[in-house]
Protein chains: 4
Amino acid sequence: MSSQIRGVVPPLAIPLKNGELDVASLERHINRMIGAGLNGLFVSGSTGEVAFSTSERRQQIQREVVRIVDGRVPLLVGVIDTETERVIENIKAVEEIGGALGVVATAPFYALGGQAEIEKHFRILKENTNLELWAYDIPVCVHTKLQNDLVLRLGKEGILDGVKDSSGDDVGFRWLSRANEAAGHPLQLLTGHEVVVDGAYMSGADGSVPGLANVDPDGYVRQWQAFERGDWEAVRAEQDRLADLMRIVLVKGVQGFGAGVGAFKTALQLLGVFDSNEMPRPVAALEGDNVEHVASVLREAGLLS
Amino acid sequence: MSSQIRGVVPPLAIPLKNGELDVASLERHINRMIGAGLNGLFVSGSTGEVAFSTSERRQQIQREVVRIVDGRVPLLVGVIDTETERVIENIKAVEEIGGALGVVATAPFYALGGQAEIEKHFRILKENTNLELWAYDIPVCVHTKLQNDLVLRLGKEGILDGVKDSSGDDVGFRWLSRANEAAGHPLQLLTGHEVVVDGAYMSGADGSVPGLANVDPDGYVRQWQAFERGDWEAVRAEQDRLADLMRIVLVKGVQGFGAGVGAFKTALQLLGVFDSNEMPRPVAALEGDNVEHVASVLREAGLLS
Amino acid sequence: MSSQIRGVVPPLAIPLKNGELDVASLERHINRMIGAGLNGLFVSGSTGEVAFSTSERRQQIQREVVRIVDGRVPLLVGVIDTETERVIENIKAVEEIGGALGVVATAPFYALGGQAEIEKHFRILKENTNLELWAYDIPVCVHTKLQNDLVLRLGKEGILDGVKDSSGDDVGFRWLSRANEAAGHPLQLLTGHEVVVDGAYMSGADGSVPGLANVDPDGYVRQWQAFERGDWEAVRAEQDRLADLMRIVLVKGVQGFGAGVGAFKTALQLLGVFDSNEMPRPVAALEGDNVEHVASVLREAGLLS
Amino acid sequence: MSSQIRGVVPPLAIPLKNGELDVASLERHINRMIGAGLNGLFVSGSTGEVAFSTSERRQQIQREVVRIVDGRVPLLVGVIDTETERVIENIKAVEEIGGALGVVATAPFYALGGQAEIEKHFRILKENTNLELWAYDIPVCVHTKLQNDLVLRLGKEGILDGVKDSSGDDVGFRWLSRANEAAGHPLQLLTGHEVVVDGAYMSGADGSVPGLANVDPDGYVRQWQAFERGDWEAVRAEQDRLADLMRIVLVKGVQGFGAGVGAFKTALQLLGVFDSNEMPRPVAALEGDNVEHVASVLREAGLLS
């Protein structure tokens, strides 16, 4: 009934060169991640610079990803936009290109509203697509928390197929997971918090969407496999290692997207996967001491010699 | 040096019918407002449902407004979007249609960043247009406050021509106004807070962008004229009346955009200007007791018999 | 019916020396302010370091202020504390010392609650005192906004005598003022926003509680007198001057109370009123360039030669 | 080097009768909890209505708890207050009564400040006590997050002995735990999030401070014992059960302290431990359907027949 997607489903980081999509780097990147054994990819998420990409760029990215992935893993594609009509337009574009198992939408943002508008929003989206519909709970970006009652109701009715939780509300997530179990698991629940995936697995998550898996896909895959065989000590030890690695984002003088995705791209450049750590305008690429910081954490983790 | 735009420049509310732009109502609405003597129009602002409109709809609105206004008052057009490249695309569309004196952009939103990205954002936008560039300070929607130092620096360098302040920070606005005076008034400063325009005029505002002027343009025009001739008691008395009228937005069970713009559209329908109080999806139009509430406030104000 | 208190009622800044109350400086300070013609004093407000003072210190301050003022102006005394029983204890101490016209209490803070608890809180407080009871609306400190409906209802019932508004919500203040007028003015409304007192007077404020009046009481008294005689241009010009003077708080590397009250005390020391700009622990006194900044703004204002 | 306190250390809920401390119920309650095998008690925490208690009440509670516990488990006592001098006064009272291993203080609150004041605050507190000093990280109440760097530095210097984390920031907690390990474990780290204690144990917590352990101490003790023997499946299963039990707080029309502690007290009354579910003023006790809701969750959990 619920989505087949479970396990490690990273949000794809996007290589740029002179403002253009760097297709060669993207190809190396995707092949490296699929080679590590991950279970799916989330294209045009927050990490995948959806907010920075024009419609044309989003479509170009989807087209190239679909071509490169070539059916090896299922794809979720972000259709994130301020309000319903704009999201529907994005859904239509995703469907036209093809190759996606589902689309991922947030609560409306920019304009102020309440849970009634959010509910109607997802209902209208579902009327406009046959793809899986996933809710992306990311209050730090959209400034509204999806209520557990709401997403569960939409799950039971078949409006929503899953939730990507980046809410930072681990208490709410535990309750959602318990209620989802009690209802027969209508929703797939993925956590976006790459530093505490072990806790999310304890809470009943069906998988994770870790931005850091762009840098170290092997770690998250090993952790998922340990979870699958019930080896909690291995789940925890892997998480400790990945929490240490995540310190790449603790750069100086930069915050938010520029720090987080900036560090991922810089690590990928240092690892020889991306040709450049270029960021979408108006964000500056990391440089100087911040690059050295990323390199130093990678070396401590044994990922860079 | 700075923009010619001053006085009352309302953000245009948009009439809909069955999800389509209701051009006949729009024509009545614009002619009524220009007839009242306002000094300009702000198209595709927050009130003008910019977040709900597809690119095509935004362009349709601009085209119709330009045609109807026919040069009688200057136009500012909102190019609001999440990040730089998307805003540039909107600017290009505005330029292609023509008829705008300036474009209005917010700080980037959705992705998290800092003042450095905001500054670079506006600089890049200015490199991409010859129109006036206005900053829209609206933290309640974009969740970042534009810093006074930043907008003033951009004003002095000719990057920004004006600021529409909807920040709710009247202390900051006073300081911005004082610093702007000290610098030779490089920026035009308009307030978006229709309930306390008199205080903003005391603080040095060059005009106002009152959503409520969609309903009662005459009041705001009279207030501006009183201000121009230094009759502060009349400025204040008019504001008291308009503050009372603004109670149309205090509806029950609805919040944010649905309450505010919902009440404006409902009032316009009751006044015979709009054919419908329809709202863009997923927002519901006001109904029942809430419509009666709007009518009752209009009657108390003597606008409805 | 409502309180006699109106006009300029500054929150008294407190001089310290080696951690003790500096009574000699306090005497100079109060006499200077009363000499300027202000209309009352607010003792143990946020500026009056109520949160930093033990019960004993609060009582010592009240005792000395009552002695020095000697009935020349009415006194409001802050009884600010986390929850009801603690506030009642403070009220009892204020009554025992005597000399106060009213007490000033905030919404409960620290523990999380809702408007029901706030309403009950003020009702219980009123049952425990015959002094005037004022509500202090300061969400930046207590993280709850007092709702207009609530304070107005409590005003009409005679529970509350007045409101000191430091909410930063000038739209809400205008509506409160309008509703208060419509109800026969049961509440005295004072604004705490010293940078935009002119706007608050336009909105119907009965006076102000400007922290900056510790530094320049003459300015706020002149402004009030201009307001009383309907000379709005003078009200505005005085405010412009005071807004410029308020830039003393724009110091570097310090924020909040340390910047604001720190600048007031530093200015008072520079003006020869306070012997020291010492701050209550754990806050550091301004020093070095920050003192020079305060001096420079005072010189620009012509207050320091 | 670091504190001996680890394991389950519940924040003691307080029984009231007619506004007075109900000593008989308190005795039953403490004996039941110690009988369950918990590892310590936290007196006068947020759950222990510290914000609602006068100094005298706080002292009465400590005196009775010390008498009843009689050395069977170690005690931490909250000295929570707005600023440094007031907290020192509370510390002196705790020391005078005796029987406490450590005191627990939050960051300063009410007045606005920064990390510099927080650091100085804890340093001054440590100069004023020989008891263990614990930091209570509870931004939802004090509206400042303790920075990891700060608490770790204070831990290494011997200023702080431990941290009670109620920050809701599980990513930050993981990083703090990792850094604390790397520094030789100067701090004991306890989590206050009773719904996800299993995740906190994965993250390296040395124990928990679960308010819900007032209701079901056995569950948290069993969970701790399972953790100590490395049985993660049992840790997780117990947590699932406790997460379900925590739904007692999901009452209607009440929020925050009134809902959470209100539900704990109501459960304790239903279980025959407390004579009353009375709450401190101005908070109302749960009643009607909300009591029935608590009973129904207790029955589902098999705690009530």
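Modeller: A nonpolar core is a set of buried Ala, Val, Leu, Ile, Met, Phe, Trp, Tyr and Cys residues joined through side-chain atoms within 4.5 Å, where buried means under 20% relative accessible area, exposed over 50% and partly exposed in between (1.4 Å probe, protein chains only). This is a predicted model, in which local features need pLDDT of at least 70 and side-chain atom pairs 80 or more, while totals for chains, interfaces and linings use all residues. Residues are numbered from 1 along each chain as written, chains are lettered from A and ligands numbered from 1 in the order written, and side-chain values use heavy atoms, without hydrogens and water.

The largest nonpolar core holds 424 residues, and those that touch the most other members are Phe122(A), Ile248(A), Phe122(B), Phe122(C), Ile248(C), Phe122(D) and Ile248(D). To take one of them, Ile248(D) is in contact (heavy atoms within 4.5 Å) with Leu212(D), Val215(D), Ala263(D), Phe264(D), Ala267(D), His293(D), Val294(D) and Val297(D), once its neighbours within four places in sequence are set aside.

Next come the aromatic rings. Rings of Phe, Tyr and Trp (its six-membered ring) pair if their centres lie within 6.5 Å, with planes under 30 degrees apart stacked, over 60 edge-to-face and the rest tilted. Over all chains there are 30 aromatic pairs. Phe42(D) and Tyr136(D) form an edge-to-face pair, because their ring centres are 5.7 Å apart and their planes stand at 75 degrees. Phe42(D) belongs to strand 4 (residues 41-43) of chain D and Tyr136(D) to strand 7 (residues 132-137) of chain D, so this pair ties together parts that are 94 residues apart in sequence; helices (H or I, at least four residues) and strands (E, at least two) are DSSP runs numbered from the N terminus. Phe42(D) and Tyr136(D) are both buried. With centres 5.6 Å apart and planes at 70 degrees, the rings of Phe227(D) and Trp232(D) are likewise edge-to-face, and both of these residues are buried. One aromatic cluster is made up of Phe109(A), Tyr110(A), Phe109(B) and Tyr110(B).

As for the backbone, the peptide bond from Arg281(D) to Pro282(D) is cis, with omega near 5 degrees, and Pro282(D) sits in the loop between helix 11 (257-270) and helix 12 (289-300) of chain D. In chain B, Asp70(B) is not a glycine and yet has a positive phi of about 55 degrees. Asp70(B) lies in the loop between helix 2 (55-69) and strand 5 (75-78) of chain B, and counts as exposed because its relative accessibility is 62%.
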